[in-house]
Amino acid sequence: MQTLPNHPTPSKLRLRRLGIDTYQEPVLFMHRDCRVCHSEGFEAQSRVELALGERIIVATLNVVSGDFLAPDEAGLSEAAWRLLKAQEGDMVSLRHPSPLESLGHVRAKVYGRHLTQAAITDVIEDVAAGRYSDLQLAAFVTACAGDRLDLEETVSLTRAMVAVGERIDWGEGLVMDKHSVGGLPGNRTTMVIVPIVAACGLRMPKTSSRAITSPAGTAETMETLAPVDLDVAQIRRVVERTGGCIVWGGAVRLSPADDILIRVERPLDLDSQGQLVASILSKKVAAGSTHVLIDMPVGPTAKVRSVQAAELLGRLLNQVGQTLGLQVRVVQTDGLAPVGRGIGPALEARDVLAVLRNQADAPADLTKRSLLLAGEILEFGGATPAGGGLALASAVLADGRAWRKFQDICAAQGGLREPPVAAHLQAVYALRSGSVLAIDNRRLARIAKLAGAPEAACAGIDLHVRPGEFVERGQPLFTLHAATPGELAYALEYVASQAETVHVQEDA
């Protein structure tokens, strides 16, 4: 069949970048009257394989009407555009992808069957390759939620997640690592711990995540002070020079399937201990760690809400870690209130700098928690006898060695800079006099995000009170920081619509 000149063949369409943010999911847009749609039988939510030269991705189809997209165009979301590395006007081939045999394993798990290592590996390989839609990912996450993964399946999931990504090999010797289970705003102990541990002669190459639903991750906070987007070769150079680093793990594809699964786990708000353990430990194994300290904040508005849940999760982390050759130590910490004063990248970085510089106004709780965990790591790694870790960590912080090491790490990563400052501030005041009974971690995190964090690094919350303190009516409880008046207004509107984020109880 001869085609008309200057028209695409029936199996090809002209690419167009639509600038639509679909987060990490690749999405394809086609016109309802598109001949490829008709000839291939594509419908809304179909999975479509796109090929541009040697690059192939699978995207979820959305069918559109109107004239903003022509029938001979294929519109791509930002995620699809990045993955395909397309140029405006490129001709892309479209077809049905091959059937996903691994979905049979997902269906089996839905009906309660035990999954073998081979079955889980098949699923995770397809997940990492981008062959699962968000609906299919949600089915897998749901099938594994709660206590539906046993110990063997959790180990298999962890191994499979490691296998589909990059791995860093540091050679002989100990490689220390630390992870916080999360749910506690402002808990930026990593940025104090790494320079303390490295200053004591232990290796601590720390790869951290960016925020997904929180107002800041360690990567965003560190990025206000130094570059974090380093590749493996750059990470090696930094660690060889300084003994430690604080970088974004996403740049080196450590356990990439985990990032994909997290994308759908968070909106579903499903708790799965097996998936949480696999998420944490797969990245530690991939990063080449040998010893991992787990900081587990426990509190009613933290991620782990009871001592019983913490003990159960801690046992599972130890069991899986031991099977994979990791030494794991779990420390339960106070999860009742945020750590430090700042919530948001720049404000949390300000607190970290105050601690490292031994400033008089440094948040005492951030200092205390950082020293406790650093001391545990120093003992764990044999840098000091049992019981001597806290004293050694305190000395390294007090005499300036930690601050000098942090400056060295920042210089090696690309240079130390001061965090940005917000242009718009507004205090929120106590409505009554009394004692601060409780602080809602989750609500504070939401307010900080409405103020613009973490996208606006300067945005967030400056917290002025702690549980147990007495406040007067009209006293500032916290101050909102925002880059724009609109974001400040959104956050204030939410504060006004909610019950008290900082609960003040009038004294009898």
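I looked up the confidence of this predicted model: the mean pLDDT (the predictor's confidence in each residue, from 0 to 100) of the chain is 92, and 97% of its residues reach 70 or more. Over residues 1-10 the pLDDT is below 50, and beyond near neighbours in sequence this stretch has seven contacts (heavy atoms within 4.5 Å) in the model.

I noted the ground rules. Residues count from 1 along each chain as its sequence is written, and side-chain values use heavy atoms, with hydrogens and water left out. Local features need pLDDT of at least 70 and side-chain atom pairs 80 or more, while totals for chains, interfaces and linings use all residues.

Next I took two helices (DSSP runs of H or I, at least four residues, numbered from the N terminus). The axes of α9 (residues 232-242) and α16 (residues 401-413) come within 9 Å and cross at roughly 150 degrees; axes are lines fitted to C-alpha atoms over the stretch in contact, and angles run from 0 to 180 degrees between N-to-C directions. α9 and α16 are therefore roughly antiparallel (over 145 degrees) to each other. In α9, Val238, Arg241 and Thr242 meet residues of α16, among them Lys405, Asp408 and Ile409.

Then I turned to strands (DSSP runs of E, at least two residues). Three of them form an open antiparallel sheet in the order β16-β14-β18. β16 (470-471) and β18 (502-505) are the edge strands, each pairing on one side only; pairing takes at least two DSSP bridges. I found β14 (residues 434-439) paired with β16 over two bridges, with Gly434 opposite Val471 in β16.

How values were computed. Angles under 35 degrees count as roughly parallel, over 145 as roughly antiparallel, 65 to 115 as roughly perpendicular and the rest as oblique.
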